[in-house]
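Please open the structure in a viewer and keep the selection panel at hand.

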Amino acid sequence: MAKSHVVAVSKLLLFGILMATFTTTGAQIGVCYGTVANNLPEPRQVISLYNQHNIKRMRLYGPNHDALEALRGSNIELMLGVEHESLQAISSNQASADDWVQNNVVTYEDVNFKYIAVGNEIESGPFAQFVGPAMEKIQNAISKAGLANKIKVSTAVHPIVLQESSPPSKGSFKQDYRAFLDPVIGFLVGNQSPLLVNMYPYFSYIDNREINLQYALFTYPSVLVQDGQLGYQNLFDAILDAHYSALEKAGGSSLKIVVSETGWPSAGGDGEVTTIENARIYNSKVIDHVKGGTPKKPEGPIETYIFAMFNENEKTGAETEKNFGLFLPTKDPVYPINFN
């Protein structure tokens with residue numbers, strides 16, 4: 001009895017901490033709703049969980065119709081992905097794009113769509129050639145539906161596109177990716193849409209242990225990287241500003257960046273870097289940090305999506321991929337996030 005009472009109180013306190021967390025953020029933070037698992041709550045329960053914790057933005061990686069039904073009337077702002085297997089047909093046929101928008105957007109007129117993400121991290125490979133043309137046709141379809149002032153069309157890239165990133169002012173894109181990026185940047189500039197960037201200081205640190213771990217976790221006590229007149233105290237800002245510098249060199253100086261994924265796994269790694277405590281520190285610091293800007297773009301705030309809502313037990317690759325969730329499939333928090 002006493003033990004169960006303690007557990008109940010602990011869960012209540014944890015719930016209260018998370019509620020405070022997401023309420024304090026305003027609307028800068030979203031959470032990615034990944035579904036590569038066989039044990040997740042049904043979508044109506046998931047939307048209820050977003051609402052319970054006052055999470056105002058969601059990223060959904062494809063048109064999950066059960067989730068879209070559950071989102072009706074919720075006012076949660078949605079970034080909806082175009083599934084990769086549809087890109088070729090959409091890129092070559094305006095009617096396919098029109099159908100996609102009709103079936104997955106217009107049909108859900110009481111869902112608060114904000115972005116359509118045409119592809120996720122497919123800067124190279126067989127799908128890359130379809131992204132630019134598919135963005136154009138989805139934009140045409142959005143315009144025909146009278147939604148161009150409400151919904152922005154973009155695509156999500158990740159730091160593999162960078163040739164240089166340190167110091168951030170030297171940020172530039174790899175020549176190998178320019179054939180993909182240049183039309184995308186031109187499209188985004190023409191439509192005043194943001195570039196979506198998935199960025200993980202965790203992976204930067206794992207790939208290069210010479211990086212200071214505190215710098216990756218937002219806990220370094222002072223400026224660590226001096227870049228001209230700009231001083232960097234964390235890796236998140238440095239990666240983001242390197243992308244801004246690269247955009248400036250590629251005709252995209254007017255563009256805003258939305259951080260479409262970031263996070264830190266709580267398990268599955270070495271047990272030293274990949275820990276519940278480091279995941280809690282990183283994500284809580286992100287939530288607080290993005291209310292402001294970066295050294296290069298101090299005006300802020302930084303619209304940011306944490307990956308992910310749940311641990312996903314069917315994700316492939318490293319074991320860490322299954323452990324980025326803020327919540328367990330039981331809907332219990334993996335850890336508290338506390339602003340103080």
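A pocket here is an open set of points on a 1 Å grid over the protein atoms alone, where a 1.4 Å probe fits, with protein on both sides within 12 Å along at least five of seven lines; lining residues have an atom within 4 Å of a point. A volume is the space filled by probe spheres set on the points, which are joined across faces, edges and corners. The model is predicted, so local features need pLDDT of at least 70 and side-chain atom pairs pLDDT 80 or more, while totals for chains, interfaces and linings use all residues. Numbering starts from 1 along each chain as its sequence is written, and side-chain values use heavy atoms, without hydrogens and water.

Begin by selecting Pro159, Tyr200, Phe203, Ser204 and Ile239, which lie nearest the centre of the largest pocket, among its 29 lining residues. The volume of the largest pocket is about 750 Å³.

Next, select Lys152, Gln192, Ser193, Pro194 and Lys256, the closest to the centre of the second largest pocket among the 14 residues that line it. This second largest pocket has a volume of about 220 Å³.

Finally, select α7 (178–191); helices are DSSP runs of H or I with at least four residues, numbered from the N terminus.

Methods: Helices (H or I, at least four residues) and strands (E, at least two) are DSSP runs, numbered from the N terminus.
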